[in-house]
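This briefing takes up the fold of one chain and then the contact between two chains. Please look over the sequence and the model before reading on.

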Amino acid sequence: MKRDTLLSTLLGLTCLAIWEAAVRVGHTSPLVLPAPSVVAQSLWQGLRSGYLGPHIAHTLTEVVLGLWLGASMGFVGGVVLGESARWRGVLMPYVVISQVVPKLALAPLFIVWFGFGTLPTVVMTALICFFPLLENTATCMQQVDANQLELFRMLRASPWQTLWRLKLPAGLPSIMAGLRVAVVLAWVGAVVGEFIGASRGLGALIIAAQGSMDTPLMFAVLTVITVLGLAFYKICEWLERRLLGTFSDLSTRTSP
Amino acid sequence: MNAFLQLDALHFAYPQRGEVVHDVSLQLAPGEIHCLIGRSGCGKTTVLKLAAGLLTPSQGQVQLKGQTVHQPTPEMGFVFQSPTLLNWLSVLDNVLLPLSLHGAIPPDQRAYGEQLLTQMGLAALCHDKPHRLSGGQQSRVAIARALITRPAVLFMDEPFAALDAITRDELQRDFLALCQTQGTAVLFVTHDMSEAVYLADRVSLMHAGQIQAPLQIDLPRPRHSAMRYTPAFNALCEQLRHAMDATL
């Protein structure tokens, strides 16, 4: 395992070295492909001068808000659709239709509705994060083992207990897989939203850098987005382990 | 006879399969172990679920201690064909699940759970997750879970069917010992004739949704493994075999 991590790191460093060498040997214009060292320099300058900070904070706020709104509504919606065959029958066709609509294509419309700034981007991010959670939660709730459901009936568990003590813990891996997809998509939503209608944020910064032909800055911003996206993904994995622990603790309560 | 669990002329039909249980009556005395034996699809599992209140008969009724059963009661335990353990809970928490669903667990109940696991030979595995256990060990956990509430009657649906012969023999022995100390009545569904003869006070044969008059098993208790090779044991198995062949 440790050896794999080492090899993996080596692979990444080798790729960077080849990139650096290719740019230096080939004298590629930094306008087209800046060397990693130039990108790193641009990134360091941006961070140190405090230029990048507010943009990062802006996009981060949008991602967190959008993700929180979209994921929690998707989760609740998924529980409702998973629990009630009637709601599923009535709403599912519309859920599918709205899922097929390309959300990013709605961005210009959102600007008309919500104006420029944070709100349209948050709404779009939320919309994008909504469906993976809805779909995965609704599906996993229906895939609970029939024997386990019968066991809970035999133990006279209430529907509420069956939800909290069986369906959600059993479906947790699937729900968290939905969240991981949502976390990745949230960054797409926020950055593309900023491309279209924002003057602040990392997406807006990429557009601005393009305008001033500052390719190293574009790469620097991309690096920031990637690192933040990776951090969110890792937080997700940590959360999954924590939640599994919580579900097993739920039943270990001993009365004093 | 002092009927403690009484199945009264039960009928049951699944929507698309027609009647699978036809006029089944059965009586269980306190502490009695009664085996239901029959081929696959003869309706024995359905009878078990009717008795446990998991299904509602279209005609007839089930009575436990004089009370009509409409749904599962706290006095019942059920062991399913597969162990159906919750893989996110530890072994001990799985055993305590029937209690933890209905409130916090008093320390003496927790100790009782540990004691049951010890009797099942799983003391060292209390805090492991179920997926680390072998099939036989998982079955033992499922039995301990069914016994944690000290049920008056236990319903068993071929719980040992998927185990190898030696593990099955050991489990049957340990299971009998536990039931005997608790005085639990058992309705046990199986398709294994020697299992039925070894465990039961009486064996009823089911065929095509109907039940035949029970066969009395007059082997002494406590039963032990050596009995499986006695002429009396084999004679009973043979008798059962003939009765099953006659249903062909």
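Among contacts in chain A between residues at least 6 apart in sequence, what percentage join residues at least 24 apart? The share is 76% for chain A, counted among the contacts whose partners are at least 6 residues apart. The model is a predicted one, and the points below should be read with that in mind.

**Fold of chain A**

- Chain A contains ten helices and zero strands, and its elements, read along the sequence, follow the pattern α-α-α-α-α-α-α-α-α-α.
- Chain A is more spread out than a compact globule, because its radius of gyration is 23 Å, well over the 18 Å that the globule rule gives for 256 residues.
- The C-alpha trace of chain A spans about 75 × 55 × 35 Å when taken along its principal axes.
- Of the 256 residues in chain A, 34% are buried.

**Contact between chains A and B**

- The contact draws on 21 residues from chain A and 21 residues from chain B.
- On the side of chain B that touches chain A, α2 (91–100) and α3 (107–119) of chain B each supply at least two residues, and α2(B) gives the most to that side, with five residues.
- Sorted by class, the side of chain B that touches chain A comprises 15 nonpolar residues, together with four polar and two charged residues.

Conventions:
Residues are numbered from 1 along each chain as its sequence is written. Chains are lettered from A and ligands numbered from 1 in the order in which they are written. This is a predicted model: local features need pLDDT of at least 70, side-chain atom pairs count only at pLDDT 80 or more; totals for chains, interfaces and linings use all residues. Helices (H or I, at least four residues) and strands (E, at least two) are DSSP runs, numbered from the N terminus. The radius of gyration is taken over C-alpha atoms; the globule rule is 2.2 Å times the number of residues to the power 0.38. A residue is buried if 20 or more other C-beta atoms lie within 10 Å of its own, exposed if 12 or fewer, and partly exposed in between; C-beta atoms are placed from the backbone. Two residues are in contact if their C-beta atoms, placed from the backbone, lie within 7 Å. Ala, Val, Leu, Ile, Met, Phe, Trp, Tyr, Cys and Pro count as nonpolar, Asp, Glu, Lys and Arg as charged, and the others, Gly among them, as polar.
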